[in-house]
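Let's take a short tour of this protein. Have the sequence and the 3D view open as you read.

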Amino acid sequence: MSTHIGAKNGEIAETVLFPGDPLRAKFIAENFLEDVVQYSSVRNMFGFTGTYKGHRISVQGSGMGIPSLSIYATELIKFYGVKTIIRVGTAGGMREDVKIGDVILGQGSTTDSAVTANTFGAGVHYAPISDFELLDRAYHVAQDMSVPVRVGNIFAADRFYNDELDMKKLADYGCVATEMESAGLFLIGAKYNIKTLSILTCSDNLVTGESASSKEREQSFTDMMKVSLETGIRG
Ligand code: HPA
């Protein structure tokens, strides 16, 4: 048991898929994994371990935002020996050419969160990046599956509702999509020397105002999950 995860030692696999929504963790476990055991329901932030194509893999809800994700990521690593964490989630496209349903791989993550500054102090603007081996593998898995894939800089915003940020400028400097977690995950991955990656689907586009229909959401979710699971088990 750790403070926020109710698993016993050995109940969590070395590779964890990490959706924000705990009900999505449940859905993934029920629909994509076999021989599933639920190891935690603390705060309803569910966690499950099962197998995919015979490989042991876990799926744990992270909650929304860097503070919540950081709690679960840290406990997975420090108390349960997790070695690979792949965030699976949605993001808002920041450029017109990021299409609804595209799978986006986070190469790095820019943030307005204070976690990086608080880690290194004034004057250092650390660049959180994903693990290259995982990124490379996910990219090739997606290509092999003919899933449209983008690789780029994810803007991890501290606030979902923020009309003060210059999102266009961030997009002009190469940010492809925004969500609220990736920078925190990559930072923790670096601190504890484990492998991290974000595999996202574009659920809405900030430039065009488009958002995914329920059918599009379902298809792109399935694409993202197949890429994530295949990437997870090849590690
Ligand atoms: N902002 C932050 N998080 C998100 C968004 C967004 O526009 N879309 C999906 N997750």
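## Before we start

A polar contact here is a pair of N or O atoms within 3.5 Å; within protein, one must be able to donate a hydrogen and the other to accept it, and residues adjacent in sequence count only if both atoms are side-chain atoms. This is a predicted model, where local features need pLDDT of at least 70 and side-chain atom pairs count only at pLDDT 80 or more, while totals for chains, interfaces and linings use all residues. Residues are numbered from 1 along each chain as its sequence is written, and side-chain values use heavy atoms, with hydrogens and water left out.

## Helix α1

Asp-21 caps the N-terminal end of α1, with a side-chain oxygen 2.8 Å from the backbone nitrogen of Leu-23. Helices (H or I, at least four residues) and strands (E, at least two) are DSSP runs, numbered from the N terminus.

Which residues of α1 are buried? In this helix, residues 22-32, they are Pro-22, Ala-25, Ile-28, Ala-29 and Phe-32. They sit on the same side of α1, because they cover an arc of only 125° around the axis (the arc is that of the directions from the helix axis to the C-beta atoms). An α-helix has 3.6 residues a turn, so residues three or four places apart point the same way. Leu-23 and Glu-30, on the other side of α1, are exposed. Buried means under 20% relative accessible area, exposed over 50%, and partly exposed in between (1.4 Å probe, protein chains only). The cover over the buried residues of α1 includes strands β1, β2, β3, β4 and β5, along with helix α7.

## Gly-50 in β3

One of those covering strands, β3 (47-52), holds Gly-50. Gly-50 counts as buried because its relative accessibility is 3%. Leaving aside neighbours within four places in sequence, its contacts (heavy atoms within 4.5 Å) include Leu-33, Val-36, His-55 and Ile-57.

## Asp-204, from the record

The UniProt annotation "active site", from an unreviewed entry, covers Asp-204. UniProt positions are given in the numbering used here, feature names are shortened, and annotations may be inferred rather than shown by experiment. Asp-204 lies in strand β9, residues 195-205, and is partly exposed, at 29% relative accessibility. Not counting residues up to four places away in sequence, Asp-204 touches Ala-91, Gly-92, Gly-93, Ile-100, Glu-210 and Ser-211.

The structure holds zero disulfides. Cys-175 is buried at 2% relative accessible area, and Cys-202 is buried at 1% relative accessibility.

How values were computed. Disulfide = S-S within 2.5 Å.
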